[in-house]
Amino acid sequence: MRRILIAYFSLQNHTLKVAEKIKEICRGDMFEIATDVEYPLVDFNFLAHVAQKQLENKTYPKLRQTLSIEKMREYDTILLGFPIWWEDLPRAVCTFLKMYDFSDKVIVPFFTHLGSSFGGKSIQTIKEMVPQNKLAEEFVFSIHDEDIEKSDDKIGQWLKSISEKY
Ligand SMILES: Cc1cc2nc3c(=O)[nH]c(=O)nc-3n(C[C@H](O)[C@H](O)[C@H](O)COP(=O)(O)O)c2cc1C
């Protein structure tokens with residue numbers, strides 16, 4: 001792995017914690033995928049409703065910040081982090097995927113969850129949005145919220161196995 005971007009979406013900080021652990025080991029650059037309009041974090045039912053509607057309508061929520069196309073050209077490997085929402089990707093991640101050309105990169109997803117350990121439809125959604133063979137499906141990393149604290153070794157092994165191939 002040469003030039004690494006750790007791009008992550010995280011509303012409740014679980015995915016952020018994993019991204020930070022990754023950064024400690026592989027020293028990639030971090031980029032937060034965050035929406036311009038904030039999600040209603042205080043009211044979980046409302047948040048769940050908003051997230052579900054965005055999925056149903058396949059919306060592309062506007063992002064608060066973006067990486068320039070030139071900056072994105074600097075990276076070979078994108079470690080793409082997100083939580084599973086309604087058995088799928090938070091739509092903000094789709095906005096991110098739609099913005100760039102990944103044809104000279106490899107995308108390695110990692111996700112946090114509360115039971116959907118296979119990530120529901122999320123990997124298929126990524127596959128449909130990026131060029132063929134750019135998704136390193138064999139390296140998808142899944143972690144339950146409760147296991148994050150003690151995941152350093154697992155993350156280290158995961159990064160090592162990726163670096164042996166890319
Ligand atoms: C709107 C919403 C939908 C969710 N849907 C699922 C789900 O379908 N399956 C699952 O295992 N966890 C689900 N979760 C739990 C999150 O995936 C999990 O808590 C994750 O670690 C949150 O990541 P974050 O703290 O980085 O935002 C959902 C959480 C939210 C807020």
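The model is predicted: local features need pLDDT of at least 70, side-chain atom pairs count only at pLDDT 80 or more, and totals for chains, interfaces and linings use all residues. Residues are numbered from 1 along each chain as its sequence is written.

**Helices α4 and α5**
- Helix α4 spans residues 91–99 and helix α5 spans residues 122–129. Helices (H or I, at least four residues) and strands (E, at least two) are DSSP runs, numbered from the N terminus.
- The two helices pack at about 25°, with axes 10 Å apart. Axes are lines fitted to C-alpha atoms, for helices over the stretch in contact, and angles run from 0 to 180 degrees between N-to-C directions.
- α4 and α5 are therefore roughly parallel (an angle under 35 degrees).
- Cys 94, Leu 97 and Lys 98 of α4 meet Thr 125, Ile 126 and Met 129 of α5. Contact means C-beta atoms, placed from the backbone, within 7 Å.

**Ligand shell**
- The ligand is surrounded by 22 residues.
- The closest are Ser 10, Gln 12, Thr 15, Pro 83 and Thr 112.
- At least two shell residues come from each of α1 (14–26), α2 (44–56) and β4 (106–113).

**Asp 101**
- Asp 101 lies in the loop between α4 and β4.
- Asp 101 is exposed, because 12 other C-beta atoms lie within 10 Å (exposed means 12 or fewer, with C-beta atoms placed from the backbone).
- Its C-alpha atom is 8.7 Å from that of Met 72, 29 residues apart along the chain.

Conventions: Angles under 35 degrees count as roughly parallel, over 145 as roughly antiparallel, 65 to 115 as roughly perpendicular and the rest as oblique. Two residues are in contact if their C-beta atoms, placed from the backbone, lie within 7 Å. A residue is near a molecule or strand if its C-beta atom, placed from the backbone, lies within 6 Å of it. A residue is buried if 20 or more other C-beta atoms lie within 10 Å of its own, exposed if 12 or fewer, and partly exposed in between; C-beta atoms are placed from the backbone.
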